[in-house]
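Student: I have just opened this entry and would like to go through it with you. Could we take it one piece at a time?

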Amino acid sequence: MVRLMRRDGGAGYLPALRWRFLTPGYDMVARYTTGERRFKERLLGWADLRPLERVVDLGCGTGTLLVAAGGQEPGPELIGVDRDLAVLRRARRKVQAAAVGVELCLVDARSLPMADGSVDVVVSSLFFHHLLSDAKSLVLAEISRVLGIGGRLAVADWGAPRGGASRVGAGVVRRFDGDEPTRDNLDGRLAELIETAGFDDVIVRARLGVPLGVIEIITATRSLDRG
Ligand SMILES: C[S@@+](CC[C@H](N)C(=O)[O-])C[C@H]1O[C@@H](n2cnc3c(N)ncnc32)[C@H](O)[C@@H]1O
């Protein structure tokens with residue numbers, strides 16, 4: 001079953017390929033520039049999703065990660081969140097074609113519709129570098145709120161480039177998505193931001209060289225003491 005829940009699809013966010021008219025090309029660009037298959041497999045490996053767990057994919061885009069996470073029976077309960085209606089329509093088509101049961105929510109990740117402590121795992125890929133620093137902190141606070149005690153966070157996103165070729169690739173990402181949203185990522189500060197937001201066991205599990213730079217996979221758990 002695919003349910004598309006709508007809250008707010010307003011402007012004021014960075015679409016998948018910066019300009020909405022490019023959204024139809026997103027999957028192809030992601031496939032060839034990010035080593036998508038490899039890093040998403042690794043991300044899901046570290047996320048270690050278990051049957052019946054409630055899992056939220058933040059900034060789910062066209063739903064590639066949700067499709068990869070689905071397919072087991074019984075599988076986790078999958079919820080995709082994005083604030084772009086056009087991209088969610090693509091996600092809906094993909095999860096329907098793959099017969100994966102997913103709830104898709106058209107909401108801003110800064111204000112999630114889930115109750116406190118009601119989610120087991122939050123995953124996200126190539127999402128945080130679309131947010132300004134303040135928004136990153138707000139989203140991390142929301143993740144902390146919706147995760148139950150011991151809940152897990154698994155993130156894949158751009159990290160600091162290493163070596164000449166990856167610096168060139170990172171330059172392209174910076175030019176394309178903008179200096180401000182990409183700065184924390186490309187300076188290698190995403191793990192630190194997650195830690196500052198109060199998560200425990202923040203570990204950079206992998207730094208994968210891909211055509212456009214370096215993708216970091218970071219895992220963390222929701223602190224037992226929320227303060
Ligand atoms: C580069 S795409 C990544 C899509 C997908 N996760 C993937 O790995 O292919 C970033 C996504 O984040 C979404 N996004 C950006 N800001 C958002 C926000 N504040 N709340 C929810 N989604 C947001 C965009 O609409 C876009 O679909």
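Student: Is L126 buried or exposed?
Tutor: L126 is buried, because 23 other C-beta atoms lie within 10 Å and 20 or more are enough for that class. Please keep in mind that this is a predicted model.

Student: Where is L126 placed?
Tutor: L126 sits in the loop between β5 (119–125) and α5 (133–146). Its phi is positive, about 55°, although L126 is not a glycine.

Student: What about A99, and which loop holds it?
Tutor: A99 belongs to the loop between α4 and β4 (102–106). Phi of A99 is near 55°, a positive value in a residue other than glycine.

Student: Why does A99 count as exposed?
Tutor: A99 counts as exposed because it has 10 C-beta neighbours inside 10 Å, and the limit for that class is 12 or fewer.

Student: Let us turn to α4. What span should its 13 residues have?
Tutor: At 1.5 Å a residue, α4 should span 18 Å, and its end C-alpha atoms are 18 Å apart, which agrees.

Student: Which residues of α4 are buried?
Tutor: The buried residues of α4 are V87, L88, R90, A91 and V95. They cover an arc of only 155° around the axis, so they lie on the same side of α4.

Student: Why do residues some places apart point the same way in a helix?
Tutor: An α-helix has 3.6 residues a turn, so residues three or four places apart point the same way.

Student: How is R93 classed?
Tutor: R93 is partly exposed, because it has 13 C-beta neighbours inside 10 Å. R93 lies in α4, which runs over residues 85–97. Between R93 and E36 there are 19 Å in space, C-alpha to C-alpha, and 57 residues in sequence.

Student: Now α6, please. How many residues does it have?
Tutor: Helix α6 (residues 164–177) has 14 residues, and from its first C-alpha to its last it reaches 20 Å, close to the 20 Å expected at 1.5 Å a residue.

Student: Which of the α6 residues are buried?
Tutor: S166, G169, A170, V173 and R174 are buried in α6. Their arc around the axis is only 145°, which puts them on the same side of α6.

Student: What do those buried residues pack against?
Tutor: The buried residues of α6 pack against β6 (147–158), α7 (179–186), β7 (199–210) and β8 (213–222).

Student: Which exposed residues are on the face turned away from the buried side?
Tutor: That face of α6 carries the exposed residues G164 and R175.

Student: What follows α6?
Tutor: G178 follows α6, with a positive phi near 105°.

Student: Which residues come nearest to the ligand?
Tutor: G59, G61, D84, A109 and S125 come nearest, of the 22 residues around the ligand. By class, this shell has twelve nonpolar, five polar and five charged residues. Both α3 (64–69) and β3 (77–82) supply at least two residues of the shell each.

Student: You mentioned α3. Is T64, which is in that helix, buried or exposed?
Tutor: T64 is buried, because 22 other C-beta atoms lie within 10 Å.

Student: What does T64 touch?
Tutor: Leaving aside residues up to four places away in sequence, T64 touches D27, E36 and K40. T64 and A91 are 27 residues apart in sequence and 7.5 Å apart in space, C-alpha to C-alpha.

Student: One more residue: where is L17?
Tutor: L17 is found in the loop between β1 (2–6) and α1 (26–33). L17 is partly exposed, because it has 18 other C-beta atoms within 10 Å. Residues up to four places away in sequence aside, L17 touches L22, T23, G25, Y26 and V29.

Student: Finally, what pLDDT does the protein average?
Tutor: The protein averages a pLDDT of 90, and 93% of the residues score at least 70. Over residues 7–11, however, the pLDDT is below 50, and this stretch has ten contacts in the model beyond near neighbours in sequence. Where pLDDT is low, the predicted coordinates should not be read in detail.

Methods
Residues are numbered from 1 along each chain as its sequence is written. This is a predicted model: local features need pLDDT of at least 70, side-chain atom pairs count only at pLDDT 80 or more; totals for chains, interfaces and linings use all residues. Helices (H or I, at least four residues) and strands (E, at least two) are DSSP runs, numbered from the N terminus. The expected span of a helix is 1.5 Å times one less than its number of residues. The arc is that of the directions from the helix axis to the C-beta atoms. Two residues are in contact if their C-beta atoms, placed from the backbone, lie within 7 Å. A residue is near a molecule or strand if its C-beta atom, placed from the backbone, lies within 6 Å of it. Ala, Val, Leu, Ile, Met, Phe, Trp, Tyr, Cys and Pro count as nonpolar, Asp, Glu, Lys and Arg as charged, and the others, Gly among them, as polar. pLDDT is the predictor's confidence in each residue, from 0 to 100.
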